[in-house]
Amino acid sequence: MAKHIETILAQLGNRSDEETGAVSAPLYLSTAYRHPGLAQSTGYDYIRTANPTRDILQTGIAEIEAGDAGFACSSGMAAIQLVIEGLLQAGDQVVTLQDLYGGSYRYFHARQQAGAYQFTYCLTEADLLERLTDDVAMVFIETPTNPMMVTFDIEKIAQKAHEHGIIVVVDNTFYTPLRQQPLALGADVVIHSATKYLSGHNDVLAGLVACRGEKIAEDLTFQLNTTGATLAPFDCWLVIRGMKTLSLRLKQHEQNARAIVDYLKGQDQVGQVYYAGHSGMVSFELKDLSKIEPFLANLKIFSFAESLGGVESLITYPKTQTHADIPQDLREAYGLTDHILRISTGIEHTDDLVADLAQAFDQLA
């Protein structure tokens with residue numbers, strides 16, 4: 001029986017314990033597992049290699065992303081590292097975006113400085129497509145981008161990349177599998193900072209990966225077991241619990257985001273407003289740079305913090321927070337100036353969020 005993704009999410013892990021019939025998936029904390037006999041295994045030997053709670057989460061992310069295998073990592077950056085280190089060889093070339101999460105850029109830059117890989121950064125889809133040649137091993141994109149909310153055509157990029165034998169990796173953190181399934185569009189690997197929308201409560205650090213293809217799955221399995229950057233069982237359980245309500249939360253995130261976009265577009269102290277059409281992520285330009293600090297101080301409901309995707313609404317100043325490691329000239333090349341603020345809408349009442357922004361702007365007048 002085919003099931004909608006909302007049903008899969010709501011029932012994640014519900015029938016994992018046939019012996020007791022537990023509706024909520026049990027939490028397995030054991031680090032070691034008893035062998036039935038010599039050269040015999042229950043399928044679980046040591047926690048780094050496999051854990052029943054982690055298996056529920058890994059199977060779940062593979063299913064909702066239409067993948068063949070899933071992997072749960074200790075953070076979103078650990079998930080990116082798993083994919084880069086697990087699928088590339090020394091000296092490989094990677095084509096990626098200039099408009100990229102600051103942590104991804106920091107890691108890519110560090111690996112290039114160490115001589116491990118070569119990264120080429122692109123500003124536009126046309127530029128990226130032109131650079132996909134036989135010399136490239138991987139293309140790594142976020143869509144929409146963080147924080148300028150530019151979308152890229154995954155299907156078109158994957159088609160061109162595969163003509164040259166290039167692995168296609170997509171960071172799907174902003175849109176989630178409810179709004180975009182990169183593997184179904186031709187990507188080979190999809191990454192999530194599960195700290196964000198998937199867990200959704202600002203209380204767990206996690207990264208998830210899903211992939212298609214036996215070889216890629218084998219390589220990632222080996223890499224994760226070897227390096228040990230796996231997600232702890234309790235954190236897996238928290239992500240599972242969070243994912244059960246993702247579809248409901250995302251509807252409110254998006255309702256709030258659209259109302260905020262409408263408000264900001266009519267606010268004369270705001271320049272450009274950036275919204276990709278889905279999720280709760282909105283960026284905007286405050287015209288007067290000197291008002292950034294007082295505006296942030298005036299907010300009563302939005303918290304000035306640098307994460308996203310949780311039930312509480314947050315506002316971020318990328319220059320000093322999420323993108324502080326990207327040189328100013330590079331940031332400004334794709335529009336990330338010192339005037340940009342980024343909002344992650346929570347699930348509070350829409351009117352209260354708009355009213356909070358309005359009173360903060362009123363105090364600047």
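Visitor: What distance does H13 reach from its first C-alpha to its last?

Guide: In this predicted model, residues are numbered from 1 along each chain as its sequence is written. Local features need pLDDT of at least 70 and side-chain atom pairs 80 or more, whereas totals for chains, interfaces and linings use all residues, and side-chain values use heavy atoms, without hydrogens and water. With 13 residues, and an expected 18 Å at 1.5 Å a residue (1.5 Å times one less than the number of residues), H13 comes close to expectation, reaching 18 Å.

Visitor: Which strands and helices do the buried residues of H13 pack against?

Guide: The buried residues of H13 (under 20% relative accessible area, with exposed over 50% and partly exposed in between, for a 1.4 Å probe and protein chains only) include Leu353, Leu357 and Phe361. Their packing partners, by contact (heavy atoms within 4.5 Å), are the strands E8 (270–274), E9 (281–286) and E12 (340–344), together with the helices H11 (292–298) and H10.

Visitor: How many residues apart in sequence are the parts that the pair of tyrosine 263 and phenylalanine 361 ties together?

Guide: These rings form a tilted aromatic pair, with 6.3 Å between centres and 45 degrees between planes (Phe, Tyr or six-membered Trp rings pair with centres within 6.5 Å; planes under 30 degrees apart are stacked, over 60 edge-to-face, the rest tilted). Phenylalanine 361 counts as buried because its relative accessibility is 0%. Tyrosine 263 belongs to H10 (residues 246–265) and phenylalanine 361 to H13 (residues 350–362), so the separation in sequence is 98 residues.

Visitor: Is tyrosine 105 buried or exposed?

Guide: Tyrosine 105, in helix H4 (residues 102–113), pairs with tyrosine 121, in strand E3 (residues 118–122), and this tilted pair has 5.5 Å between centres and 50 degrees between planes. Tyrosine 121 counts as partly exposed because its relative accessibility is 21%. Tyrosine 105 has a relative accessibility of 7%, and therefore counts as buried.

Visitor: How far apart in space are alanine 114 and aspartate 219?

Guide: Alanine 114 sits in the loop that joins H4 to E3, and it counts as exposed because its relative accessibility is 55%. Although 105 residues separate alanine 114 from aspartate 219 in sequence, their C-alpha to C-alpha distance is 23 Å.

Visitor: What percentage of the residues of the protein chain count as buried?

Guide: The protein chain comprises 13 helices and 12 strands, and its C-alpha trace spans about 75 × 50 × 35 Å along the principal axes. Of its 365 residues, the buried share is 54%.

Terms used:
Helices (H or I, at least four residues) and strands (E, at least two) are DSSP runs, numbered from the N terminus.
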